[in-house]
Amino acid sequence: MLKKEIENLVDKGEMLPLMEQFYTIQGEGHHSGKAAYFIRVGGCDVGCHWCDVKESWSPDTHPPTHIDEIVSQAKANSNTIVITGGEPLTWDMSPLTSALKNEGLDIHIETSGAYPLTGIWDWICLSPKKMKLPESEIYSKADELKVIVFNKHDLKFAEEQAAKLSGKCELYLQPEWSVREKMMPLIVDYVMKNPKWKISLQTHKYLEIP
């Protein structure tokens, strides 16, 4: 296939820069502990300095893969699919999610919300970042707000983000892994004083699984 053809298919969302696909246990947030098949799409310009998958940032390092191939692998492994990145909304998610829905699958997304929401979703986990704030439309559609806490100022940011939500949305504070021992006492105290929030842990890291 010619390079221009591939670029056109990527622009349409019919091919995506696929970093990896794997079957594992969801480690974070509301669905923590649930078996799920992860589709990690390359490409992200949000630039979190503590990101633990910086290798996902450049889409050019990940092979453009047709969504038919992605869906074939996904449906063979699980009924619950989690699309993550990178920042998956960098790309048009409509073709992929439509194809997954045609297979009767339950589709989740983990996103910073930095780009317009595309696709069909059963669960939207919004994890906003200070350096590139979410598009306004996603606040009314998020099922879960998950704020990563790297320092105490992130608690103020979390409240600012929660104030923009409308509708029912679960609220989570998650310590950034590298500073978890320092941040956890702060988060525990904050949640006890503000019980609308829950604590999310990266349990997959404690379990030493992908």
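**Helices, core and open space**

Helix α2 (residues 67-75) has I67, I70, V71 and A74 as its buried residues; buried means under 20% relative accessible area, exposed over 50% and partly exposed in between, with a 1.4 Å probe and protein chains only. Helices (H or I, at least four residues) and strands (E, at least two) are DSSP runs, numbered from the N terminus. Viewed down the axis of α2, its buried residues fall within an arc of 95 degrees, so they line one face of the helix. The arc is that of the directions from the helix axis to the C-beta atoms. An α-helix has 3.6 residues a turn, so residues three or four places apart point the same way. D68 and E69 are exposed and sit on the face of α2 turned away from its buried side. The buried residues of α2 pack against β1 (15-25), β2 (35-41), β3 (64-66), β4 (80-84) and α3 (94-102), where contact means heavy atoms within 4.5 Å.

The model is predicted: local features need pLDDT of at least 70, side-chain atom pairs count only at pLDDT 80 or more, and totals for chains, interfaces and linings use all residues. Residues are numbered from 1 along each chain as its sequence is written, and side-chain values use heavy atoms, with hydrogens and water left out.

Helix α5 (residues 180-193) can be treated in the same manner. At 1.5 Å a residue its 14 residues should span 20 Å, and its end C-alpha atoms are 19 Å apart, which agrees; the expected span is 1.5 Å times one less than the number of residues. M183, M184, I187, Y190 and V191 are the buried residues of α5. They cover an arc of only 135 degrees around the axis, which puts them on the same side of α5. The face turned away from that buried side carries the exposed residues E181, K182, M192 and K193. Among the elements covering the buried residues of α5 are β7 (144-149), α4 (153-162), β8 (170-175) and β9 (197-199).

Which residues touch the most other members of the largest nonpolar core? Of its 47 residues, these are I39, I83, L96, L100, L145, L173 and W197. A nonpolar core is a set of buried Ala, Val, Leu, Ile, Met, Phe, Trp, Tyr and Cys residues joined through side-chain atoms within 4.5 Å. Not counting residues up to four places away in sequence, I83 touches I39, V41, P88, M93, L96, T97, L100, I107, H108, I109, E110 and W121.

G43 lies in the loop between β2 and β3 and counts as buried at 3% relative accessibility. Residues up to four places away in sequence aside, G43 touches S56, W57, S58, P59, G86, E87 and T90. One of these, G86, lies in the loop between β4 and α3. A cis peptide bond joins G85 and G86, with omega about 15 degrees.

Towards the end of the chain, H204 is found in helix α6 (residues 203-206). H204 is buried, with a relative accessible area of 14%. Leaving aside neighbours within four places in sequence, H204 is in contact with I25, G27, E28, I209 and P210. E208 is found in the segment after α6 and is exposed, with a relative accessible area of 73%. Phi of E208 is near 60 degrees, a positive value in a residue other than glycine.

On a 1 Å grid over the protein atoms alone, a cavity is a set of points where a 1.4 Å probe fits but cannot get out, and a pocket is an open set with protein on both sides within 12 Å along at least five of seven lines; lining residues have an atom within 4 Å of a point. Grid points are joined across faces, edges and corners, and a volume is the space filled by probe spheres set on the points. A search of the whole structure finds 1 cavity of 30 Å³ or more. The largest cavity has a volume of about 70 Å³, and its lining includes E28, H108, E110 and W123. β5 (106-111) supplies the largest share of that lining, 3 residues.

The largest pocket has a volume of about 770 Å³. Of the 39 residues that line this pocket, E28, D52, V53, T84 and E110 are the closest to its centre. The largest share of the pocket lining, 4 residues, comes from β1.
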